[in-house]
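Student: I have just opened a structure that is new to me. Could we walk through it together?

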Amino acid sequence: MELVRATEAAAIRAVSFVGKGDKNAADGAAVDGMRAFLSTVSFDGRIVIGEGEKDDAPMLFNGERVGTGDGPAVDIAVDPIDGTSLTAAGRRNALAMIAVTDRGAMFDPSAVFYMNKIVTGHAGAGVIDINRPIGENIRALAKAMQKPVDQIIVAVLDRPRHDSLIQDIRTAGAATRLLLDGDVAGGINAARDDSAIDMCAGIGGTPEGIITACAVKALGGFIHAKLAPKDFQEREKAIAAGHDLSRVLFTNDLITSDNTYFVATGVTDGDLVDGVRREKQTITTESIILRSPTGTIRRVTASHLAAPWLLPPQVKLAH
């Protein structure tokens, strides 16, 4: 619940910038809110996956220490807003999120900012192989799920780099759910048993891949990933850091611990959670909490008095 307070703070701080066209201002507000609350959590936290370095935006930077310093030593992956462009444009599916696991358990991508990944529910385990053509994977998953191929829905980021992937999915007979941004929600929905999405595929952010793996652990889902350097320079950095770019990364490669937490609060309405709502003096948030040791999924709807959120973080925290 302490982590939920941090994602709630990020979402509430960011909501003033929804539809205002300035994604960095939204991200900066979310970072300030999240950092203020993370400083109060009873753990020795270390940020190992941050977002700002890739986007040249305000950040909770890699290596930053958060928390009170007491309690368990943990590694943290953060994305104060997954979907800054969505927030700036006033579109759906923007989230504030945190993933936490034991110290040293998160895969270190060594500044490789993108990875290719496939996420499904538990039916994909032993069936999906990221090295196979997407059509083969779709047919294999349809057979494992005992449903027709034409009922399979694949979530994909709507990017020019995915033009051929999208065409191949449709040629195989499956349908696409094109995401403007925010492939973490796409991955989580693919891993959920109660979602219309069966698979999430394509190249997205490495931070988002690590965060998704934390959620997949709690959902009992499946993820395959491979690092996808965006250019020659990044490729050389990856090789110098000792990465085998042909290596397929499984869930347990991305997160080696079975003790993971994933928390997200909606900034704007989406398929996973509702966004922040304000009415008179009350702010309402919806969050989801996934915990791998117990396989628990919790949804938290909270009402907040609006007035404290208008004050600087340090003033609000004093109360």
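Predicted model: local features only at pLDDT ≥ 70, side-chain atom pairs only at ≥ 80, totals over all residues.

Student: Now the open sheet: which strands stand at its edges?
Tutor: Start from the strand order, which is β7-β6-β8-β5-β9, with mixed pairing. A strand at the edge has a single partner, so one side of it is left without a neighbour in the sheet. That holds for β7 (175-179) and β9 (222-227).

Student: By how many degrees are neighbouring strands of this sheet turned against each other on average?
Tutor: Here the direction of the strands is ignored.

Student: Which residue in β8 is the bridge partner of Val-154?
Tutor: Strands of a sheet pair through backbone hydrogen bonds, either parallel or antiparallel. In this case β6 (residues 153-157) and β8 (residues 199-205) pair in the parallel sense, over two bridges. Val-154 has as its bridge partner in β8 the residue Met-199.

Student: What angle does the direction of helix α7 make with that of β8?
Tutor: Helix α5 (residues 134-145) lies across β5 (114-120), β6 and β8, and runs at about 140 degrees to β8. Helix α7 (residues 183-191) packs on the sheet, where it touches β5, β6, β7 and β8. The angle between α7 and β8 is about 155 degrees.

Student: Which element gives the largest share of the lining of the largest cavity?
Tutor: The structure holds three cavities of 30 Å³ or more, and about 50 Å³ of space lies in the largest. Its lining includes Asn-93, Leu-179, Ala-185, Asn-189 and Asp-271, and by class it has three nonpolar, four polar and two charged residues. The largest share, three residues, comes from α7.

Student: And which element gives the most to the lining of the second largest cavity?
Tutor: That cavity has about 40 Å³ of space. Among the residues lining it are Lys-117, Leu-157, Asp-183 and Cys-200, and the lining divides into four nonpolar, two polar and two charged residues. The most, five residues, is given by β8.

Student: Where is Asn-93 found?
Tutor: Asn-93 also lines the largest cavity. Its phi is near 75 degrees, a positive value in a residue other than glycine. Most residues other than glycine have a negative phi. Asn-93 sits in the loop between α4 (84-89) and β4 (95-102).

Student: What is the phi of Gln-146?
Tutor: Gln-146 belongs to the loop between α5 and β6. Although it is not a glycine, its phi is positive, at about 55 degrees.

Conventions: Residues numbered from 1 in each chain as written. Heavy atoms only, no water. Pairing = 2+ DSSP bridges. Helix = DSSP H or I, 4+ residues; strand = E, 2+ residues; numbered from the N terminus. Axes fitted to C-alpha atoms, helices over the stretch in contact; angles between N-to-C directions. Contact = heavy atoms within 4.5 Å. 1 Å grid on protein atoms, 1.4 Å probe; cavity = no way out; pocket = protein on both sides within 12 Å on 5 of 7 lines; lining within 4 Å. Points joined across faces, edges and corners; volume = space filled by probe spheres on them. Nonpolar A, V, L, I, M, F, W, Y, C, P; charged D, E, K, R; others polar.
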